[in-house]
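Let's walk through this structure together, one element at a time. Keep the sequence and the 3D view side by side as you read.

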Amino acid sequence: MAFEGLTERLQNAIGKLRKKGKVTESDVREMMREVRLALLEADVNFTVVKDFVKQVRERAVGAEVLESLTPAQQIVKIVNDELTKTMGEAAVPLNKAPHIPTIIMMVGLQGAGKTTTAGKLANYLIKNEKARPLLIAADVYRPAAVDQLKTIGQQLNVPVFDMGTDHDPVEIVKQGMIQADLQKNDYVIIDTAGRLQIDEKLMTELADIEAEVQPNEILLTVDAMTGQAATEVAKGFNERLNITGVVLTKLDGDTRGGAALSIRAVTGKPIKFTGQGEKLDQLDVFYPDRMANRILGMGDMMSLIEKAQNDFDEKQAAAMAEKIKENSFDFNDFLDQMDQIQKMGPLDEIMKMIPGVANNPAMKNMNISPKEMDHIKAIVYSMTPAEREEPKILNASRKRRLAAGSGRPIQEVNRMIKQFDMSSKMMQQMSKGNMSGMEGLFGN
Ligand code: GDP
């Protein structure tokens, strides 16, 4: 999982402070030494680490922090703030042209995820703006690149302009722009060639395309897995092209954090999107504050909320909340809720976004498979309507019947009902505004 080592080390460093009644300046210094090592080990650029540590230390040793009743919490907040600042404060939206089409040029090294991201971006624009993008295949060196883009275009039902691999990329882009004007496309996304390393010929070609079409956005795709090397690549591209933003790909992998934390500070260019998988809908807007939360292991609560809002039926959710309040949440509601959760995607992905869960060792290997969900459902389906509505009547003989009916062992039936009881009690507490379950974060 991304940032795992960094998160663990930051939590350890901060956790030590929490165990102390009073935090002194030397405690803060000790903590910052560990934070510094954690960042360097995560492959964060040295200068970025130096600045970060300085900022946090200056704020943390202030009297109002150390003398407060909750110094450790305040320091968590400072670390969180400074991580956010390092990555750029707020999300930076895509640049738009005053007249259509808005031209987006994708650049990056080979294998960084340029072609995939061009497709993801088209998909994003269609979903969010009902856009009508045109993709232009201007990578004539990697023969498969044109076909790859065409396949992506077919999947998304987006037109792809190509002239094969025998023409000059600048000419291809010129012709593609004519087609976009004719078809009144509102976005043009240009996929360009990459190389294994930055080379002069490539840079000249990209600079020529830039001069020809003057893109509104030149998005550099970099592979998060390459750590600090990604920062060097970004510097190199930025010297020759007017890079306007960065897409950090492969954040679903085992990346240490170096790229995410260094790029903005080193190049001054904002990360605008992140790639979270190979599928065409796995592109997310980059929010520095949410990324800071994720790095600190506080889960990506905002993303979770947004996802829930997108996927959940609001009316149903409101009805559910009402039932929880009235303490009439039953197994029918439970089934509905499970369906909603299953709609949101793989459960372990969702769990990772909940604070405290992401780095809770007990949860690390947790993986509720669709099969287990189906088992739980089978048990509920074996209940009579009365049992579903009044879980309290489930006595031992009824439970045995459920086991037989669902084909699941009796222990599993017992465990499931117990969990249901516990979660309805917890939900009730939470609906009364008691969030005590959340306070355990960071081992308080
Ligand atoms: P290009 O050479 O820069 O055009 O790179 P491609 O778009 O062909 O991507 C190279 C490989 O990385 C492909 O196998 C993609 O499926 C994969 N890839 C791209 N973005 C992501 C991502 O966000 N996560 C993961 N796991 N794989 C990605």
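At what angle do helix α1 and helix α5 pack, and how far apart are their axes? Before the answer, a word on the ground rules. This is a predicted model, in which local features need pLDDT of at least 70 and side-chain atom pairs count only at pLDDT 80 or more, while totals for chains, interfaces and linings use all residues. Residues are numbered from 1 along each chain as its sequence is written.

Helix α1 (residues 4-18) packs against helix α5 (residues 71-87) at about 155°, and their axes are 8 Å apart. Helices here are DSSP runs of H or I with at least four residues, strands are runs of E with at least two, and both are numbered from the N terminus. Axes are lines fitted to C-alpha atoms, for helices over the stretch in contact, and angles run from 0 to 180 degrees between N-to-C directions. The angle makes α1 roughly antiparallel to α5 (the term covers angles over 145 degrees). On the α1 side, the contact is made by Ile14, Leu17 and Arg18; α5 brings Ala72, Ile75 and Val76 (contact means C-beta atoms, placed from the backbone, within 7 Å).

Now turn to helix α2 (residues 25-41) and helix α3 (residues 46-60), which pack at about 155° with axes 10 Å apart. That makes α2 roughly antiparallel to α3. From α2, Val28, Met32, Val35, Arg36, Leu39 and Leu40 meet Val49, Phe52, Val53, Val56, Arg57 and Ala60 of α3.

Next comes the sheet. Its 8 strands form an open sheet in the order β3-β2-β4-β1-β5-β6-β7-β8, with mixed pairing (two strands pair if DSSP finds at least two bridges between them). β3 (160-161) and β8 (283-285) stand at the edges with a single partner strand each, so one side of each has no neighbour in the sheet. Strand β1 (residues 102-108) and strand β5 (residues 217-223) run parallel, joined by 5 bridges. Methionine 106 has leucine 219 in β5 as its bridge partner. Across β2 (133-138), β3 and β4 (187-192) lies helix α8 (residues 169-183), running at about 165° to β2.

Finally, look at the ligand. It is surrounded by 18 residues, the closest being Gly113, Lys114, Thr115, Thr116 and Gly275 (a residue counts if its C-beta atom, placed from the backbone, lies within 6 Å). Helix α6 (residues 114-129) gives the largest share of this shell, 3 residues.

Note on methods. Contact = placed C-beta atoms within 7 Å. Parallel < 35°, antiparallel > 145°, perpendicular 65-115°, else oblique.
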